[in-house]
Amino acid sequence: PTVRLEDYRPSDHLIDRVELDVRLDPHDTRVTATLALRPNPAGRAGAPLVLDGDDLTLLALELDGQAPAPDAVRADASGLTLHRPPQRPFTLRIETRLDPTANTRLMGLYRSNGVYCTQCEADGFRRITYFLDRPDVLSVYTTRIEAEREAAPVLLGNGNPVEAGTVPGTDRHYAVWHDPLPKPAYLFALVGGRLDRVAKPFTTMEGRAVEIAVYVEPGKADRAAYALDAVERSMAWDETAFGRAYDLDLFNVVAVSDFNMGAMENKGLNIFNDKYVLASPETATDGDYAAIEAIIAHEYFHNWSGNRVTCRDWFQLCLKEGLTVFRDQEFSSDMRSRAVHRIAEVRNLRARQFPEDAGPLAHPVRPKQYAEINNFYTATVYEKGAEIVRMLRTLIGETAFRAGMDRYFADNDGTAATVEDFLKAFEAVTGRDLSRFAEWYERPGTPRVAVSGSYDPAARTYRLAFRQTRPGAGADAPPLVIPIGLGLVGPDGPLDGPLAPPFAERVEDGVFVLETAEDAVTFENVAAEPVPSLFRAFSAPVRVESPLDDAARLTLLRHDPDSFNRWEAAQRIALGLMTAQVRDETAGDAGADDFVVALGAFLDAEALRDPAFAAQVLALPSEGDLADEIGTEIDPDAIFAARRDLRRRLGTGLRERLLSLREALAEPEGTPFSPDAAAAGRRALRNAALDLIAAADPEAGTALAQAQIAQATNMTDRLAGLAALALVPGEAREAALSAFAERYANEPLVLDKWFAIQAMIPEDGTVERIRRLQGHPAFANTNPNRVRSLVGSFSLANPTQFNRADGAGYALVAETVLALDGTNPQVAARLMTAFGPWRRLEPVRRAAAESALRRIAATPGLSRDVTDIGTRSLAG
Ligand code: ARG
Ligand code: ZN
C-alpha cells in the first residue's frame with residue numbers, strides 16, 4: 001500500500017496520556033496500555049478509531065472500564081478498530097502479549113544479548129501495543145517496567161524516574177518513569193538488563209543539574225568514557241552554538257549489540273548500536289572515535305531537532321534528519337579540523353548520495369510517496385538534507401541563520417512540524433521569500449552546473465558564466481537557487497588581496513547566487529588572467545562542469561585559500577588521469593608525471609604542518625568515485641586497474657618522501673594514545689603513505705606493514721598494517737589475519753573489522769572466502785553488524801568482486817538478502833540497495849545483476865521492505 005504526502009490528514013483521534021505497564025519476560029511479556037483518548041477537533045467527527053498494530057496478540061480490552069460489545073470492535077494482529085468510539089474523552093485499556101526473544105526484526109521490543117530494549121522509529125511502537133502510531137499524535141507517557149531482578153537489575157525508561165521497588169513475594173522488581181514532555185510513539189523506549197554504568201554530572205546554562213550516564217555490557221565500562229565525554233561536549237556545544245539546553249534531569253545512553261541502524265534518539269534514553277559507543281585504543285580506530293563523537297552528538301541534538309520539534313508525518317523526515325546531520329557536522333567541524341571534516345562530508349555525499357540520486361532508488365529529499373518508510377532513511381534524506389540546510393545558511397548568512405533557528409524552535413516547540421514551517425521561520429527573520437529555494441526538497445537528481453570563464457586584459461575584467469541543468473527534471477522544472485562560493489586565484493596566490501582587489505557587484509561575502517537557468521558575473525579590476533575557485537567549501541551539492549585544466553588545478557592546489565578546493569583540485573586531476581586510462585586515452589602520461597611532482601612539492605611544503613589534510617590529498621578518489629564519474633557502461637576491472645596504476649605511480653615517484661614522512665610522523669615511544677584530531681591526522685598520513693608505498697612495492701610494503709603491526713599501540717595502526725597486507729596475496733597475509741583473529745577472538749566489534757578487511761580483498765577468491773567466513777563461529781546472520789561487515793563491505797566496497805562478470809558476487813549478496821529477509825527485512829532491504837547502480841554497468845554485468853535482482857524479486861513471500869527495493873530497482 002503506497003502512502004502519499006498529498007493524502008495527509010490529521011488524526012481523527014488524539015491520545016493525551018499513555019500509561020504503560022510492561023512486565024518483562026523472555027517469551028511472555030505482558031503490556032498493559034491505558035490510553036486517554038479524545039476526538040481530534042481537527043479530525044472527522046464520528047470517525048471510527050483505527051489503532052495500528054503489527055504482529056500483536058490481544059489479551060484483553062476495556063473501554064472506560066467495560067468490555068466493549070463484540071460487534072463494536074475488530075482486532076487482529078495488525079490493528080484494532082472501534083467502529084463507534086465515544087464522541088467525548090474516553091479510556092482504553094489494552095493488554096497484549098509479546099515474545100521479545102523471538103523478535104528477530106529488531107523493531108519493537110526485543111532482546112539483544114539478553115538485554116531487553118526497544119526500537120520504535122519509524123513504526124515499531126505498534127509492535128508493542130495498539131496505538132495511533134504516527135508522529136503527529138503526541139502524548140505524555142508514564143511507564144512502569146517490571147522484570148526479574150536477577151535478569152534485569154537495570155530498568156530504564158523515558159523521562160525522569162519517579163518510583164522503584166520490589167514486587168512482594170516474587171523475585172521481581174519494578175521502576176516507574178515519567179516523561180513530562182508530550183512525544184510521538186516513535187520516541188518511546190525502555191531498557192532492562194544487566195548493564196554497567198559510567199556517569200558524570202552536567203549543569204545546563206539554565207542551571208538544571210543533569211546526570212549523564214552511559215550503560216554498556218558488564219565489563220566494558222572502561223570503553224564508555226569517550227562516549228560519555230562526547231555527550232558532555234555535545235550538551236555544551238548545543239548551548240553555545242544554538243542556545244539549546246537539555247530539559248530533563250537524566251540523559252541516558254545505552255549500548256546494545258544488535259541494532260538495525262546507528263542509534264536512536266528516544267527521549268532521554270538514547271539507544272545505540274554498541275559500535276558507536278564502545279572505544280578503547282586497543283579496539284577502536286580513529287575513524288571509530290570520530291563516528292562515535294558524531295553519532296553521540298547527532299542523537300543528542302535530536303533532543304531539539306526531532307523531539308521538542310518533531311515531524312508531522314514521515315514525508316518530513318528530512319526536517320529532523322537533514323537538520324540534525326547539519327548540526328552534528330558543525331559540531332564535528334568545531335571539535336576537529338573544519339576543512340578536513342568538510343572533505344569527509346563531501347567524500348561521503350559523493351560515495352553514497354550521488355549514486356543513489358543517479359539510480360533507480362532516487363527520490364526527493366522530501367519524498368512524495370512510499371511503500372515502506374524504513375527504506376527512506378537514506379543518504380538523500382540525511383546527507384542531501386543536511387546540504388540544503390547548509391545552503392540556506394550560506395544564502396542568508398550566519399547571523400540570520402541563527403536567528404531563524406531560534407525562531408523555528410520557538411514557533412514550533414511541542415508540535416509536529418513540516419518543511420514549510422522550517423522555511424517560514426527563516427522567511428520571518430529575513431523578510432525573504434524562500435519558496436523558490438524550497439524546490440531543493442521536491443525533485444530527485446543531482447543538478448549540473450556548467451561554468452565557463454573569459455578574461456579581457458584590456459578591460460581588466462573576468463567573466464564567469466553559469467548554466468544549470470537537472471537530469472530528468474523536465475522542462476517545467478523551475479531553476480534551483482544555487483549558492484556558489486567564489487574566488488579568483490592568481491599564479492602566485494589569491495587575487496582577493498587587500499590592495500585593489502577584484503570585485504563583482506553580485507558577489508557578496510564570496511558568494512554568487514545562481515537563480516536562473518543561465519547567468520554570469522563579471523569581476524572588475526583583475527590584473528592578470530585568474531584561475532576561478534568555484535563552489536568553495538562545496539557550497540552546493542551539484543556536479544560542476546568546470547573550465548579548469550590541470551595547470552589551473554595545480555595553481556589551486558598550491559594557492560587557493562579555500563582548503564576544500566585545494567583538495568578538490570588534486571582529486572579532479574587524479575580523476576582525470578584515471579578516467580583517461582579507463583577510456584583508453586593515453587594522453588594522461590605526462591600529466592601523471594606533473595601530478596607526482598606537484599604532490600611532492602605539496603608534501604614538502606605542508607605535510608608536517610597539517611598531516612590530516614595532507615592525508616586527504618594523498619587519498620585518491622575511490623573506485624566508486626570513478627564509476628560515478630564515468631557514469632555508463634561501467635567496467636569495474638578497468639577502473640580498478642587505472643586506480644592501481646596511479647597509486648603505483650605515486651608510490652614510486654614519492655617513495656623517499658613518503659618513507660621519511662613516516663619517520664617524521666612516528667610517535668616517540670611511550671607517547672600516550674590520544675584520539676584527538678591532531679594525533680589522528682598524523683596516523684592518517686603515515687598510513688596513507690604506507691598504502692602508496694605498498695602499492696608500488698608490495699615487498700617493501702609487506703615488511704613495513706608487518707613491523708607496524710608488531711609495534712602498534714592502537715587499532716588504527718594495527719588495522720592499517722593489516723589492510724596493507726591484505727592486498728598482497730600470500731603467506732604473510734594469511735598469517736597476519738590468523739594472528740589478528742586469535743588476538744581478538746572475544747571481541748565481536750574488532751572481528752567485524754577482520755571480516756570487512758577480508759571481504760574487501762579485490763581478488764577472485766574473495767567470494768569463496770566470504771562463504772567460508774559465513775560459517776565462522778563469530779559470524780551470525782542475526783546480528784546486523786556482522787552482516788554489514790562481511791556482506792555489506794563486500795557489496796559496497798569491493799567493486800571488482802561484487803561485480804564479478806560471472807555473477808558470483810551478485811549471487812552471494814542475493815542469497816544473503818533472501819536468507820535474511822525472513823528474520824530481518826530491514827537489514828535485508830538495506831543490503832539489497834547495493835544493486836542500485838546496475839543499469840550503469842557494461843552489458844555482461846548488467847545482465848548478471850539484473851537476473852540476480854529478478855531472482856530476489858520473484859521469490860514468494862518477500863517482505864514489504866525487500867519487495868519495495870526490488871520493485872523500484874527494476875522499474876523504468
Ligand atoms: N532516527 C535515527 C537516527 O537518525 C534513525 C532510526 C532509524 N531507524 C529505522 N528503523 N528506520 O539517528
Ligand atoms: Zn537522526
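Which residue in S10 is the bridge partner of Tyr110?

1. The bridge partner of Tyr110 in S10 is Cys117. Strand S9 (residues 108-112) pairs with S10 in the antiparallel sense over five bridges, where pairing requires that DSSP find at least two bridges between two strands. Helices (H or I, at least four residues) and strands (E, at least two) are DSSP runs numbered from the N terminus. S9 and S10 make a hairpin with two residues between them, and Asn113 in the turn has a positive phi of about 50°.

2. On provenance, this is a predicted model, in which local features need pLDDT of at least 70 and side-chain atom pairs count only at pLDDT 80 or more, while totals for chains, interfaces and linings use all residues. Residues are numbered from 1 along each chain as its sequence is written, and chains are lettered from A and ligands numbered from 1 in the order in which they are written.

3. Strand S10 (residues 115-119) is mostly covered, with five of its five residues buried. A residue counts as buried if 20 or more other C-beta atoms lie within 10 Å of its own, as exposed if 12 or fewer do, and as partly exposed in between, with C-beta atoms placed from the backbone. Val115, Cys117 and Gln119 point one way from S10, Tyr116 and Thr118 point the other way, and all are buried. In a regular strand the side chains alternate between the two faces of the sheet.

4. The largest nonpolar core has 256 residues, and Val254 and Val277 are those with the most contacts inside it. Such a core is a set of buried Ala, Val, Leu, Ile, Met, Phe, Trp, Tyr and Cys residues joined through C-beta atoms within 7 Å. Its largest share, ten residues, comes from helix H15 (residues 677-696). Leaving aside neighbours within four places in sequence, Val254 is in contact with Cys117, Leu156, Val191, Leu195, Tyr215, Leu269, Ile271 and Phe272; contact means that C-beta atoms, placed from the backbone, lie within 7 Å.

5. An open sheet is formed by five strands in the order S16-S17-S18-S20-S19, with mixed pairing. Its edge strands are S16 (196-203) and S19, each of which pairs on one side only. S19 and strand S20 (residues 269-273) pair in the antiparallel sense over two bridges, and Ile271 in S20 is the bridge partner of Met264.

6. Around ligand 1 there are 14 residues, of which Glu121, Met261, Met264, Asn374 and Tyr377 come nearest; a residue is near a molecule if its C-beta atom, placed from the backbone, lies within 6 Å of it. Strand S19 (263-264) and helix H2 (286-301) are the elements that give two or more residues to this shell. The shell divides into five nonpolar, five polar and four charged residues. In this division Ala, Val, Leu, Ile, Met, Phe, Trp, Tyr, Cys and Pro count as nonpolar, Asp, Glu, Lys and Arg as charged, and the others, Gly among them, as polar.

7. Strand S11 (residues 139-148) is mostly covered, eight of its ten residues being buried. Seven bridges join S11 to strand S2 (residues 13-23) in parallel, and Val18 stands opposite Tyr141 in S11. Nine bridges join S11 to strand S14 (residues 172-183) in the antiparallel sense, and Ser139 stands opposite Lys183 in S14.

8. Helix H12 (residues 623-630) is largely enclosed by the rest of the structure, because six of its eight residues are buried. The buried residues of H12 pack against helix H4 (338-358), helix H9 (563-582), helix H13 (636-653) and H22. Just after H12, Gly631 takes a positive phi of about 85°. Thr632, in the loop between H12 and H13, is exposed, with 9 other C-beta atoms within 10 Å.

9. In helix H20 (residues 766-773), the buried residues are Thr766, Val767 and Ile770. They lie on the same side of H20 because they cover an arc of only 105° around the axis, the arc being that of the directions from the helix axis to the C-beta atoms. Glu768, Arg771 and Arg772 are exposed on the other side of H20. Among the elements covering the buried residues are helix H19 (748-759) and helix H21 (784-797).

Note on methods. Two residues are in contact if their C-beta atoms, placed from the backbone, lie within 7 Å.
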